[in-house]
Amino acid sequence: MITNEIISILESKIQFIERGDKAIYLVGPIELPVNLDGETVVFKWYCWLLCSEVTIDTNRIIEKLSSSNLAEMQQSSVLVYGDFEQADEALIRMHSICHTGDIFGSKRCDCGYQLKHSMKIIVEHGAGALFYLANHEGRGIGLFSKAMAYILQENGLDTVEANLQLGFKDDARNYDDAIRVLKTLRTKPVSLITNNPKKIDALKNAGLNVSERMPIWGDVSEFNQKYLKTKVERAGHLVEMAQDEQPL
Ligand SMILES: [Zn+2]
């Protein structure tokens, strides 16, 4: 039995977002001090959950948590910085989860670098949000399939070919829920940190108000050169070098 006191504490921090016959529950903001290159930066953190049961009864949502086995599933979240709702300009990064790159610091891709670098750019800019999309592992194929794709890559296939050979679409990522969350947090236009024009198209098609694009390259090494080349040649990524960034 959940007490009224517990419900009243949580109720003010839960937002209900309609999504067809489902609902997204957005919880936050939660203060999150982060160590960014030795400096403590305070972000506002939100996490969301997509539920097939649509209810605005907070008690009902909380009651279901302990039996929902959420640790077996992935939940996405967003780190918000500055006056995200009102600032005239805000930077957005839609970051796809990368277990090997973000957590282990793998140099087979540039995800870990992009994650940290995006956070820094957002803080320098003054306002923005980093969406960490938990169902996007391996461009949406999942961690186990990504391990198989890596084996195929070690045997000469490129990133795109490997995913196709395993029966996946090259890019199976979906941004709908993240955009709904973004629209709840901010309605003004945003600038997107990405090299991927398809991502901009996908976000615009899903109704996002994108005004500009900011490129992000870096951390090029012998280990990810082929991966980055494939992004440009096969997946249509745009190469634009900032002065301090290395060529491919
Ligand atoms: Zn990666």
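Two strands are counted as paired if DSSP finds at least two bridges between them. Helices (H or I, at least four residues) and strands (E, at least two) are DSSP runs, numbered from the N terminus. Good morning, colleagues. What we have here is a predicted model, in which local features need pLDDT of at least 70 and side-chain atom pairs count only at pLDDT 80 or more, while totals for chains, interfaces and linings use all residues. Residues are numbered from 1 along each chain as its sequence is written, and side-chain values use heavy atoms, with hydrogens and water left out.

Strand 5 and strand 6, by contrast, are parallel over 6 bridges, with Ile92 opposite Ala129 of strand 6. Strand 6 (residues 128-133) is largely enclosed by the rest of the structure, because 5 of its 6 residues are buried (under 20% relative accessible area, 1.4 Å probe, protein chains only).

I turn now to the metal. Cys98, Cys109 and Cys111 coordinate the zinc ion through their SG atoms at 2.2 Å; donors are N, O and S atoms within 2.8 Å of the metal (3.2 Å for Na, K and Ca), and water is not among the atoms, so sites may look incomplete. Both Cys98 and Cys111 are buried.

Terms used:
Buried means under 20% relative accessible area, exposed over 50%, partly exposed in between (1.4 Å probe, protein chains only).
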